[in-house]
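Biologist: I have not seen this structure before. Please show it, and I will ask how each label was reached.

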Amino acid sequence: MLTLEGVSKTYRVGTFGGRELVAVRDVDLQVAPGEVIALIGESGSGKSTIGRMVLRLTGVSGGRITFDGVDITGFKGKGLRDYYAKVQGVFQDPFSSYNPIFKAERALELLRQTYFAGLDGRRWRDKVEASLDAVRLDPGQVLGKYPHQLSGGQLQRLLVARALLLDIRLLVADEIISMLDASTRIDVLNLLGDLKARGLGILFITHDLSLGNYISDRAVILRQGEVVEEGPVERVFGQPQHPYTRSLLASVPQLHRRWDRTGRDREPAGEGGG
Amino acid sequence: MSLRVDNLKVWYRTLRGEVRALDGVSFTVADGELVGLAGESGCGKSTLGKSLIRLDGRMRHVDGTVELDGKELPIGDSERMNAFRFKEVSIIPQYAMSAMNPTRRIGRLVAELLESRGVRPDGVRDELLRRLELVGLAPEVLDRYPIELSGGMKQRMVMVISTLLNPSLLIADEVTSALDVSTQKAVAETLVSFRDRHYVKSTLFITHDLSLVYQIADSIIVMYAGRLAERAPTDTLVTTPRHPYTRMLLSALPEVGVRYGDRRLTGIPGSPPSLLDPPAGCRFRDRCPLAFDKCVEQPPFVEVAPDHQVACWKAF
């Protein structure tokens, strides 16, 4: 479905644009229907840049991105509109994804103007309710509300519902649960799991390895714009090959397993004199 | 006993009334203890941290006392608190990235800060250099502007500045949430080493991340909707939690190795009550699967085992 071949992105930096910064270097990647690919990396690894290139929010400097075999870089006008009917993104901060002076459902209304202009009010409402139902939101609790009246989890699910209105086939989920509380982030993850079961392909971008493995089929570990390791999640997390992957995994705080402390054991509180 | 907080209530003034963000909180922190304060957004954990050092204009000290090393902290009186700030109580703020004055070289910033507290910068310069080395910063950072440092470097610099006068209590408020995992580990371990080296006597480590606090804390306090839900030594809290909220929160955490297909985790349905006019009784009862008639009364925060306190009627 989605294929990246040797994709690179360079930015011109410096006062006169004289230097080049390589944000993404020669990345190959594929997402099939019903498959979740975790794109994992620390800040500056280029993971969000890849997502932005797939969503056509930024250009590609080298290589090719194709969707169903068609190069996406050439899309304009109607072609781009059709592409966005199949591919949508949801981002990290749900609060800044909405215009605070309008009601939250305006995010859905804007889609209607572009894609469902012919739909009458009743059928539109049914469609909205069906997609809210899919993300387990109660229409009565979210419609007619302003963004500040809703929780982060509700806003984030509303954005996924917005994407689902379009019957999309690929979702680019860029750190979509990083800002949510622990008790609600698992609901959004489960939601993505349900959507995956319905055939949606998901590019799941995250810096958090423990979230990367819950719903994903394959993991891609990025470091400074390059793929250092890639494979089925069980293997990447179970037998990491690259030293960088191993050091990342060792740094993840986990319950029931303490960090290896080099050269020092923990002293119990209060001991050791003053 | 280094810190003793007794029935502390700090509310926020808003146009619609008072928000009971911190509503009757009691606990102690022993000398040398590193206590993790965990909870979700809006539970009052940051309010508690701020209350111990500086109430902002919207906050009102309603009730309760705070004692540090046997002396009462005048938390409601900002002028009198000045004598304690930085020297006795210090904070590493949540946004260390923007905690330093961008118009000053760091060395000058530190000197000005010390002078404002009546401390001669020359007297602590050697100690400052020693601590910079400990956190892996070269002495040259003192000649740089904050903007020239990376996020992790700024974080470490702020940690050194905050603890320079060996405060009795250090409040670390979400100090790692903006950092990458490897930097996060380094920062968390630095906090432990500051404690081990007696740069600080006791530490209150505020975080939303239970698996992080599990790595470094001696004991963990879990807050919910302005009150303490549970407190226990770290291993006890994580392996045998007694409060339904703690249990549900722990079981909602995806861990490396747990897969959606094999074992489906569940979140906690519902959301915390509004603290503008919170319901009487246990504040978790609307979301609690164990709730029964008694829960309309507020459960006391009592010891159910040595060092293990819980506020739940079902835990007795």
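Biologist: Which residues does A:Ser45 touch, not counting residues up to four places away in sequence?

Modeller: This is a predicted model, so what follows is computed from predicted coordinates. A:Ser45 touches A:Ala23, A:Leu222, A:Arg223, A:Gln224 and A:Gly225. A:Ser45 itself sits in the loop between strand S3 (36–40) and helix H1 (47–54) of chain A.

Biologist: Why is A:Ser45 called buried?

Modeller: Its relative accessible area is 3%. Buried means under 20%, so A:Ser45 is buried.

Biologist: What makes the pair of A:Ser45 and A:Glu42 a polar contact?

Modeller: A polar atom of the A:Ser45 side chain lies 2.9 Å from the backbone oxygen of A:Glu42. The cut-off for such a pair is within 3.5 Å.

Biologist: A:Gln224 was among the residues that A:Ser45 touches. Is A:Gln224 buried or exposed, and how do you know?

Modeller: The relative accessible area of A:Gln224 is 60%. Exposed means over 50%, so A:Gln224 is exposed. A:Gln224 is placed in the loop between strand S9 (218–223) and strand S10 (226–232) of chain A.

Biologist: What is noted about phi of A:Gln224?

Modeller: Phi of A:Gln224 is near 45 degrees, which is positive, and the residue is not glycine. Most residues other than glycine have a negative phi. A:Arg56 also has a positive phi, near 60 degrees, and is likewise a residue other than glycine.

Biologist: Why is A:Arg56 called partly exposed?

Modeller: A:Arg56 has a relative accessible area of 25%. Buried stops under 20% and exposed starts over 50%, so A:Arg56 falls in between and is partly exposed. A:Arg56 belongs to the loop between H1 and strand S4 (62–67) of chain A.

Biologist: What does chain A look like as a whole?

Modeller: Chain A has 10 helices and 10 strands. Its C-alpha trace spans about 75 × 50 × 40 Å along the principal axes. Of its 274 residues, 51% count as buried. Chain A exposes about 12,500 Å², with 46% of that supplied by carbon and sulfur atoms. Among its contacts with a separation of 6 or more, 64% join residues 24 or more positions apart.

Biologist: How do you know that chain B and chain A are in contact?

Modeller: Contact means heavy atoms within 4.5 Å. In that sense 47 residues of chain B are in contact with 45 residues of chain A. The two chains bury about 4,100 Å² between them, 50% of it on carbon and sulfur atoms. B:Gln215, B:Val256 and B:Tyr260 supply 19% of the area that chain B buries against chain A, more than any other three residues.

Biologist: What makes B:Asp235 and A:Arg258 a salt bridge?

Modeller: Their side chains meet at 3.4 Å, N to O. The cut-off is within 4 Å, for a side-chain nitrogen of Lys or Arg and a carboxyl oxygen of Asp or Glu, so the pair is a salt bridge. The rule finds three salt bridges across the interface of chain B and chain A. The count of residue pairs in polar contact between chain B and chain A is 18.

Biologist: Which element gives the largest share of the side of chain B that touches chain A?

Modeller: H6(B) does, with nine residues. By class, that side of chain B has 19 nonpolar, 12 polar and 16 charged residues.

Terms used. Residues are numbered from 1 along each chain as its sequence is written. Chains are lettered from A and ligands numbered from 1 in the order in which they are written. This is a predicted model: local features need pLDDT of at least 70, side-chain atom pairs count only at pLDDT 80 or more; totals for chains, interfaces and linings use all residues. Side-chain values use heavy atoms; hydrogens and water are left out. Buried area is the accessible area (1.4 Å probe) that two parts lose on being put together, summed over both. A polar contact is a pair of N or O atoms within 3.5 Å; within protein, one must be able to donate a hydrogen and the other to accept it, and residues adjacent in sequence count only if both atoms are side-chain atoms. Helices (H or I, at least four residues) and strands (E, at least two) are DSSP runs, numbered from the N terminus. Ala, Val, Leu, Ile, Met, Phe, Trp, Tyr, Cys and Pro count as nonpolar, Asp, Glu, Lys and Arg as charged, and the others, Gly among them, as polar. Buried means under 20% relative accessible area, exposed over 50%, partly exposed in between (1.4 Å probe, protein chains only). Accessible areas come from the Shrake-Rupley method with a 1.4 Å probe; for residues, only the protein chains shown count as cover.
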